Amino acid sequence: MLSVGLTGGIGAGKSEVSRLLVGCGAVLIDADRIAREVVAPGTPGLAAVVDAFGAEVLAEDGSLDRPRLGSLVFADPEKLAVLNSIVHPLVGARSRELESAAAADSVVVHDVPLLAENGLAPLYDLVIVVDAAPETQLDRLVRLRGMTEADARARMAAQASRDKRLEIADIVIDNDVPLARLEQRVREVWADLVHRARSSRETDRETDRETNRGTDRGPRE
């Protein structure tokens, strides 16, 4: 199994890259999706969030009011740290569970928005960073997601810098390009991932053979 960390700044287009990788054959573990699951109504995660931030972060139906919570934490590093301390361990445990259920020869892509921020790069065989200029990110957040410019800038500022993300990258995917070029780049990256996975399996088999040969010889006098 090849375990890949996929990250990028908000609005960089990481979700589009993960979608394309799934189309190539990757097994996707989406940290954002899991983060929603672990704070669904009735979960211990949601109860912990309410204990920390109050019932005002709940919508009328009892679910988490994510925009309301976001407005509280993304402009306040201390509150964001509290939220992360609740959600991240739950997401990590569920991610490990899903990875263990994948086939042994899979390329497993972990879509992790805060990979750089939380120092998670060592958990993966390699890290892919989806990169876009801050101006591109801001435009997408305002134009496509309907955020105010102030909210978009606050969310960008709460994440790692572009330079910090690029420092941990084994592979960079430029997403300041037309969709056709992005698709081509993802296919190139996928071919590289498959090659790495195959090479890793061959190395493991050779190591097993060497170990078995040593065992068969028995102890020397």
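Colleague: At what angle do helix 6 and helix 7 pack?
Modeller: About 130°, with their axes 9 Å apart. Helix 6 covers residues 134-143 and helix 7 covers residues 149-157. Keep in mind that this is a predicted model.

Colleague: Why is helix 6 called oblique to helix 7?
Modeller: Angles over 145 degrees would count as roughly antiparallel and 65 to 115 as roughly perpendicular. The angle here is about 130°, and that makes helix 6 oblique to helix 7.

Colleague: What is the hand of the crossing where helix 6 passes helix 7?
Modeller: The crossing is right-handed.

Colleague: Which residues make that contact?
Modeller: From helix 6, Pro 134, Gln 137, Leu 138, Leu 141 and Val 142. Helix 7 brings Glu 149, Ala 152, Arg 153 and Met 156. Sorted by class, the contact of helix 6 with helix 7 has six nonpolar residues, one polar and two charged.

Colleague: What about Ala 150, buried or exposed?
Modeller: Exposed, because its relative accessible area is 57% and the cut-off for exposed is over 50%. Ala 150 is part of helix 7.

Colleague: How far is the C-alpha atom of Ala 150 from that of Leu 138?
Modeller: The separation is 9.9 Å, and the two residues are twelve residues apart along the chain.

Colleague: Let me back up. How many helices and strands does the chain have?
Modeller: Nine helices and five strands. In sequence order the pattern is β-α-β-α-α-α-α-β-β-α-α-α-β-α.

Colleague: What does the C-alpha trace span along its principal axes?
Modeller: About 75 × 40 × 30 Å. Of the 221 residues in the chain, 38% are buried. Among contacts with a separation of 6 or more, 71% are between residues 24 or more positions apart.

Colleague: Back to helix pairs. At roughly what angle do helix 3 and helix 5 cross?
Modeller: Roughly 165°, and their axes come within 10 Å. Helix 3 and helix 5 are therefore roughly antiparallel to each other. Helix 3 passes helix 5 in a right-handed crossing.

Colleague: And which residues make the contact there?
Modeller: Gly 45, Ala 48, Val 49, Ala 52 and Phe 53 on helix 3, with Lys 79, Val 82, Leu 83, Ile 86 and Leu 90 on helix 5. That gives eight nonpolar residues, one polar and one charged in the contact of helix 3 with helix 5.

Colleague: Which residues of helix 4 meet helix 5?
Modeller: Leu 69, Leu 72 and Val 73, which meet Pro 77, Lys 79, Leu 80 and Leu 83 in helix 5. By class, six residues in the contact of helix 4 with helix 5 are nonpolar, none is polar and one is charged. The axes of helix 4 (residues 66-73) and helix 5 (residues 77-101) come within 7 Å and cross at roughly 130°, and the two helices are therefore oblique to each other.

Colleague: Where does Ser 63 lie?
Modeller: In the loop between helix 3 and helix 4. Its side chain makes a polar contact of 2.6 Å with the side chain of Asp 61. Not counting residues up to four places away in sequence, Ser 63 touches Pro 41, Val 57 and Leu 58.

Colleague: Last one, Ser 18. Buried or exposed?
Modeller: Buried, because its relative accessibility is 5% and the cut-off is under 20%. Ser 18 sits in helix 1. Leaving aside neighbours within four places in sequence, Ser 18 is in contact with Leu 6, Leu 28 and Asp 111.

Definitions and conventions
Residues numbered from 1 in each chain as written. Predicted model: local features only at pLDDT ≥ 70, side-chain atom pairs only at ≥ 80, totals over all residues. Heavy atoms only, no water. Axes fitted to C-alpha atoms, helices over the stretch in contact; angles between N-to-C directions. Helix = DSSP H or I, 4+ residues; strand = E, 2+ residues; numbered from the N terminus. Parallel < 35°, antiparallel > 145°, perpendicular 65-115°, else oblique. Contact = heavy atoms within 4.5 Å. Nonpolar A, V, L, I, M, F, W, Y, C, P; charged D, E, K, R; others polar. Left-handed = near helix turned anticlockwise from the far one by under 90°. Buried < 20%, exposed > 50% of the residue type's maximum accessible area, 1.4 Å probe, protein only. Polar contact = N/O pair within 3.5 Å; in protein donor to acceptor, adjacent residues only side chain to side chain.
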